[in-house]
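Work through the exercises below with the structure open. Each task is followed by a solution in steps.

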Amino acid sequence: MQISEDMLYYSKMTCPNCQREFQHPEVRSKYISLEKQDSDFCGYYTGINPIFYDVFVCKDCGYAFTRDSNTPLLDEERATIKTIMSGWRKEGHQYGGLRTLDQAIKIYNLAILCQELRNAKDSVKGSLYLRLAWLNRYLGNQENEMKSLQRALEFSKRTYEREAFSELKKELRMMYLIGELSFRTGDYKEAVKWYQAVIHHPQAENYPVFTRMARSRWQDAREEYKQNN
Ligand SMILES: [Zn+2]
């Protein structure tokens, strides 16, 4: 499928840093076509990839954020971010239309920089690192993928420990994901532990999709663990 401008529409956003308005490109849902998905939810699309457009970049100040981190900045956070903005604030202009994989990687790195500096929630940082890992997987850059998966794992564990889950589905998904990230970063013992926690969760039967995935991956992780010990 040829990727073209008419696959996008524009939503009006207000920058939480400089308060100016800008247009954010989003993918029209009728053009989103998921072909397959990896066991850590990394999606492959036949045409345009909506993940490239999950980060908003202010065209005036360059501040990069996501829907989950679209909250006003405190004065001290604004001051911290200002110190690093001068270097790339002009780049914000480049991301208002179609985005390439290289640009998406740049934008996710900008968002990570902004959200780490302002000390955003662990779930925000974990989700950004997970997506950055997927982008590096598309590119075939295993070294950077591993680095991002490792960070995603750290922040996902902290999310699980420190943040309350409003829905059971989100909690089970996070537990499964921690198992999956442990597996992919080579900690098979830890992976087995988290998959088992999903399978034995007292309310797991409400979301059989996660128990099914955890069971299948639990066996894989056990095999790997036996072979490596
Ligand atoms: Zn701004």
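This is a predicted model: local features need pLDDT of at least 70, side-chain atom pairs count only at pLDDT 80 or more; totals for chains, interfaces and linings use all residues.

**Exercise 1.** Describe how strands S3 and S4 pair, and find the bridge partner of Lys-36.

Solution. Next, look at the turn: five residues lie between the strands, and Phe-41 has a positive phi near 75°.

**Exercise 2.** Determine how helices H1 and H2 cross and which residues meet.

Solution. Take H1 as residues 75–85 and H2 as residues 101–117. Their axes come within 9 Å and cross at roughly 145°. The crossing is right-handed. Then list the residues, using heavy atoms within 4.5 Å as the cut-off: Thr-80, Ile-81 and Ile-84 of H1 meet Leu-113, Cys-114 and Leu-117 of H2. Sorted by type, the residues of this contact are five nonpolar, one polar and no charged.

**Exercise 3.** Characterise the interface between domain 1 and domain 2.

Solution. First place the domains: domain 1 spans 5–163 and domain 2 spans 165–229. Their C-alpha centres are 26 Å apart. The contact draws 16 residues from domain 1 and 18 residues from domain 2. Together the domains bury about 1600 Å², with 72% of that on carbon and sulfur atoms. Finally, assign the share of domain 1: Ser-39, Phe-41 and Tyr-160 supply 41% of the area it buries against domain 2, more than any other three residues. Phe-41 is also the residue with positive phi in the hairpin of S3 and S4.

Note on methods:
Residues are numbered from 1 along each chain as its sequence is written. Side-chain values use heavy atoms; hydrogens and water are left out. Two strands pair if DSSP finds at least two bridges between them. Helices (H or I, at least four residues) and strands (E, at least two) are DSSP runs, numbered from the N terminus. Axes are lines fitted to C-alpha atoms, for helices over the stretch in contact, and angles run from 0 to 180 degrees between N-to-C directions. A crossing is left-handed if the near helix is turned anticlockwise from the far one by less than a right angle, and right-handed if clockwise. Ala, Val, Leu, Ile, Met, Phe, Trp, Tyr, Cys and Pro count as nonpolar, Asp, Glu, Lys and Arg as charged, and the others, Gly among them, as polar. Domain bounds come from an automatic or database domain assignment. Buried area is the accessible area (1.4 Å probe) that two parts lose on being put together, summed over both.
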